[in-house]
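Notebook open, model loaded. I'm jotting down what I look up as I go.

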Amino acid sequence: MPEGCEAHRGAVLHFLQDPGDDPEPRPNSLEYFEDGLLILNQGKVVATGPANVWLPKLPADAKVTHWQDGLIVPGFIDTHVHMPQLGVMASYGTQLLDWLETYTFPHEARFSDGDWARTEARRFTDLLLRHGTTSALVFCTSHPESVNALFEAAEAHGMGLSAGKVMMDRYAPENLKDTTAESYSDSLALLQKWHRRGRQRYAITPRFAATSTPEQLTLAGKLAAEHPDAMVQTHWAENIGEITWVRELFPERTSYLDVYDHYGLLGDHTVLAHGIHINDEDRQRLADTGSSIAFCPTSNTFLGSGLFDFRATRDADVSVGLASDVGGGTSLSMLATMAEAYKVCRLRGQTMTPWQAFYLATLGNARVLHREEECGNFERGKIADFVVLDHRASPMLTMKEPFINNLSETLFNLMILGDDRAVAATIVAGQIRYQRPALPGPGTSSTHFQTQGA
C-alpha cells in the first residue's frame, strides 16, 4: 500500500459493465460492498473492497473518512447540458422553436460579457457539484468568453468537462450569430487552448442544422476530421416543427440525420441530443457510425417534444447516454433525470431498472464521452470522482426506509424520490468539492462522516 493513501468507508457500489435491462443485473456487471472501503492515493483509486479485508492493509497513519449510512457511487456524468441556460429553467408555455426565441437567445446574448460569463460558469459548476455531477458534455454560447469561463471554472474544481462554442451563423439574433469563418477560427483557437489541457476536452458544437449554413457545417466537419479525438455535439430530431424546418432548408438531403452525415459530423465521438422522432434506418446509421444519442427526458416532457424510444435504440446497438438538458430540462440532478427516464419508458410500455439508470449516469455516460479510462467506476488507477448518497435525506426517503428489502429498492427510491438533498458530498479527484451543510436540530439527514486514523 503506497504511503500517503487515504480511504473512504461506507456502502460502495460501482459498475464494471452494462447490467442489461432485466430486473436482475448481468453476472459480474457490478460490485457492491455493504461495508466497503475505497482507497485513494494522489486523487486516484488504489483499491476498493470489503472494509474488513482492506482496513488491516492500510498504513497506520492513513486517514479514513467513514460516511456512516452513506452509499458511495462514482460521480454522476451528464451527456448534454447548457451552461448559459440556468436562468431559463422553468420558463412557461412554449415548444422548442418558440422557447429558443422567447427565452434562450436573449439570455445567451449576455455571455459576451466576460465578467457575467465567469460568474455564471462558477455558479454552474458549483451547482453541478451540489447535485453530484463531476463531469459533463456542455454547450456554451457563440461567444468564446463563455467557453474560457467554463473551462477555467472546471479546472479550478479539478472537474473533467467537455465543452464548446456554439457555431451558429443564421436564424439567430445578430448578437448571437457568428460568421462562417469566425466559427471555425474561434473553435480552432479554443480547441488548441483547452483540448486535453488536464482533464478538459473540446467539443465541436454546431447548435443544430437549421442555425448553420451549409458552409458552416462543412467547416465543422473539417474541424472534426482534423481533430478526431474531440467530441462533436449537436441537437437532432427533437421536435416535429424543427424536423420540418430542416427538411425545408436541406431538400437535397434524404433525412435530418443525412444532413449531419453528409457534412462529416457522425462518428464515435458524436453525441446527438434527443433523437425522438427517428426510424430504424436512422438507428442503423447511428450504429454503423458509432454515434450516440443523449436521452433528455426532463426537457422532452417539459417542452412537449415527445417520448424517446429507449428500448428500440438499445436493441439497435446504438449507444445511449442520459442527460439533464438544462435549461429545457428542469433539474441538474441526475437522480431526477433517472426518474423522468423511468416514466418516459413506462409511457412507451418499457421500463428502466435502477441498475440501468445508475449505470447510465456513471460508467455508461463515461463511455459515451470517451472518459471510461479516466472515470465512471472505481477500477484501480482511475481518477477518484465519487458521490456520497444519503438514502434517508428527506422525510419521504426516511418514510420508505422500513419497507426496503434490497439494494435495488434502495436505488429505486433514490432515483424516484431523491434530489440534491440526497447528495451528502461530492468528491473530485479525491478532494471534497461539495459537502451538504449540517441541518440544525433533529433533522431528516442521517449521513455524516467521521475521520480517523487506520
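This is a predicted model: local features need pLDDT of at least 70, side-chain atom pairs count only at pLDDT 80 or more; totals for chains, interfaces and linings use all residues.

**Charges over rings**

I looked up K57 and found its charged end over the ring of W54, 4.4 Å from the ring centre. I then went to R110, whose charged end sits over the ring of W116, 3.5 Å from its centre.

**Overall build**

I got 15 helices and 17 strands for the protein chain. The C-alpha atoms fill a box of roughly 65 × 45 × 40 Å along the principal axes. I checked the radius of gyration too: a compact globule with 454 residues would come in near 22 Å, and the chain has 22 Å, so the two agree. Of the 454 residues, 59% count as buried.

**Aromatic pairs**

How many aromatic pairs does the structure hold? I got 12. One of them is F76 with F358, a tilted pair at 6.3 Å centre to centre and 55 degrees between the planes. F76 lies in strand β5 (residues 76–82) and F358 in helix α13 (residues 354–368), so this pair ties together parts that are 282 residues apart in sequence. Buried or exposed, F76 and F358? Both are buried. I also noted one aromatic cluster made of Y171, F208 and W245.

**Nonpolar cores**

F358 came up again when I looked at the largest nonpolar core, which has 104 residues; W236, F358 and L389 touch the most other members. Helix α13 gives the largest share of this core, 7 residues. Apart from it I found another core of 14 residues, and V12, V45, W67 and A384 are among them.

I traced β1 (residues 6–15) against β2 (residues 30–41): they run antiparallel and are joined by 9 bridges. Which residue in β2 is the bridge partner of H14? I found E31. Next I followed β2 to β3 (residues 44–50), again antiparallel, with 6 bridges. Here L40 has V45 as its bridge partner in β3, and V45 is one of the members of the 14-residue core. β2 and β3 make a hairpin with 2 residues between them, and Q42 in the turn has a positive phi of about 50 degrees.

- I found a cis peptide bond joining V326 and G327, with omega about 5 degrees. G327 is in the loop between β13 (319–322) and α12 (334–347).
- Y171, from the aromatic cluster, has a positive phi near 55 degrees. Y171 is in the loop between β8 (166–167) and α5 (180–194), and I have it down as partly exposed at 46% relative accessible area.
- R196 has a positive phi as well, near 65 degrees. R196 lies in the loop between α5 and β9 (201–206), and at 47% relative accessibility it counts as partly exposed.

Technical notes: Residues are numbered from 1 along each chain as its sequence is written. Side-chain values use heavy atoms; hydrogens and water are left out. Rings of Phe, Tyr and Trp (its six-membered ring) pair if their centres lie within 6.5 Å; planes under 30 degrees apart count as stacked, over 60 as edge-to-face and the rest as tilted. Helices (H or I, at least four residues) and strands (E, at least two) are DSSP runs, numbered from the N terminus. Buried means under 20% relative accessible area, exposed over 50%, partly exposed in between (1.4 Å probe, protein chains only). A charge sits over a ring if NZ of Lys or CZ of Arg is within 6 Å of the ring centre and within 35 degrees of the ring normal. A nonpolar core is a set of buried Ala, Val, Leu, Ile, Met, Phe, Trp, Tyr and Cys residues joined through side-chain atoms within 4.5 Å. Two strands pair if DSSP finds at least two bridges between them. The radius of gyration is taken over C-alpha atoms; the globule rule is 2.2 Å times the number of residues to the power 0.38.
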